[in-house]
Amino acid sequence: MISEKMMSLGKKRSVIREIFEYGNKRRAEIGAENVFDFSLGNPSIPAPEKVREVMSKLILEKDAVALHGYTSAQGAPNVRKAISDDIKARFGINASPDSIYMTCGAAASLTISLTAIINSGDEVIVLAPFFPEYRVFAEKAGANVKVVKCRESDLQIDFEALEKAITNKTKAIIVNSPNNPSGVVLSEETIIELSRLLNQKSQELGTDIYIIADEPYRELVYGDKVVPYIPNYYDNTLVCYSFSKSLSLPGERIGYIFVPESVKASKDVYAAVCGAGRALGFVCAPSLLQYTVAECLGLTADISIYEKNRNMLFNALSEYGFNVVKPDGAFYLFMKSPESDANAFCEKAKKYELLLVPGDDFGYEGYVRISYCVKPEMIEKSLPAFEKLMNEYR
Ligand code: PLP
């Protein structure tokens, strides 16, 4: 008998994938230029030129056996040193190579971190709207997932609801800012209040509550928005970072976990991270990519196109009468469905070849996600379709 749970996970395609497949069908039928596909969160801008230069140089000049050989399980020491130096310089926080664990992107960072801290029956809080894989990762680690909805007015944390959700079983809360699917950046005020509440609750309950800071979109922010670095506010924070979006390298699978010194018994927690990586088979992240990112720290792909897309879509959709939360980061826009059933709305949108993702899978009904990591020309061409769609609700 195989695992029923894994089989059903494997058979069930995510809603996003379903929509993308539908898009493929429509592209074949009516031509790609006539389908307005806003379903996937795949970066649409190239990696900075330096990434290719560094990779080429490594391939041509570094000893091939060393380049392609296994690194230490937790990552090459010089790479971890470069990353810890970068963290120190950028966030003014102490970091050492032995607090960094190299991973295959944020997905691996999350599964490893959760596995490192969860005992069966612990609870993990996720803040809706949330990246749907959190549930999969947390449950696989043995946790029960509790969903706390963010307040509708600005999608910041609803502290009353959060306080009620925290129990003596609460082991972690996953915080994702800038957020997928809303693009919202949690304010410093929110992070300060979150830290205060978690400290108070940990004391009251005599437990350790971790923040798992899922940060693949950290650098994707617009205007003068600042994304607070959570370890500077809350001691028990594990940072799950990825270069997938900042360097536009999602297919290359590279990221890291940072266990700050401020985490209680941080050396043991780091050991548990190494153990979880080992148990999950996530050791020795791709070596070529480790060496590459170590030389590209501080670089970000040119995100000006995302900003242009955001402005174009936000302005047009607001003008047509849609209720949109203005995103400060990532490349998603979260929009209230003009009818309460977002699935029905997305079906209607298909009539205009607009492919949008209902918010239900993100734990937030009545909303849709629009991924604007697409070509600006597609957005321009899609605007009349959005207007016609809204006219159906007038
Ligand atoms: N976390 C969030 C919020 C994401 O949106 C994604 C990917 O889209 C991930 C984690 C996984 O990222 P990675 O490609 O680095 O595994």
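**Close-up views of the ligand site and pockets**

**View 1. Residues around the ligand.** Ala106, Asp214, Tyr217, Ser242 and Arg253 come nearest among the 14 residues around the ligand. The model is predicted. By class, this shell holds six nonpolar, five polar and three charged residues. Helix 6, residues 105-117, gives the largest share of the shell, three residues.

**View 2. Polar atoms facing the ligand.** A side-chain N or O atom of Arg253 lies 2.7 Å from an oxygen atom of the ligand. For Ser244, a polar side-chain atom is 2.9 Å from a ligand oxygen atom. At Ala107 it is a polar backbone atom that lies 2.9 Å from an oxygen atom of the ligand. The ligand taken alone exposes 390 Å², and the protein buries 90% of that.

**View 3. The largest pocket, where the ligand sits.** This pocket holds about 1,200 Å³ of space. It is lined by 40 residues, of which Ser14, Ile16, Phe131, Pro132 and Glu133 are the closest to its centre. The lining divides into 18 nonpolar, nine polar and 13 charged residues. Helix 7 supplies the largest share of the lining, seven residues. Helix 1 (4-11), helix 2 (15-30), helix 6 and helix 7 (133-140) each contribute at least two residues.

**View 4. The second largest pocket.** About 320 Å³ of space lies in the second largest pocket. Arg27, Asp37, Cys373, Val374 and Met378 are the closest to its centre, out of 14 lining residues. Eight residues of this lining are nonpolar, three are polar and three are charged.

Conventions
Residues numbered from 1 in each chain as written. Predicted model: local features only at pLDDT ≥ 70, side-chain atom pairs only at ≥ 80, totals over all residues. Heavy atoms only, no water. Near = heavy atom within 4 Å. Polar contact = N/O pair within 3.5 Å; in protein donor to acceptor, adjacent residues only side chain to side chain. Areas by Shrake-Rupley, 256 points an atom, 1.4 Å probe, with all protein chains shown as cover. 1 Å grid on protein atoms, 1.4 Å probe; cavity = no way out; pocket = protein on both sides within 12 Å on 5 of 7 lines; lining within 4 Å. Sits in = over half its atoms within 2 Å of the grid points. Helix = DSSP H or I, 4+ residues; strand = E, 2+ residues; numbered from the N terminus. Nonpolar A, V, L, I, M, F, W, Y, C, P; charged D, E, K, R; others polar. Points joined across faces, edges and corners; volume = space filled by probe spheres on them.
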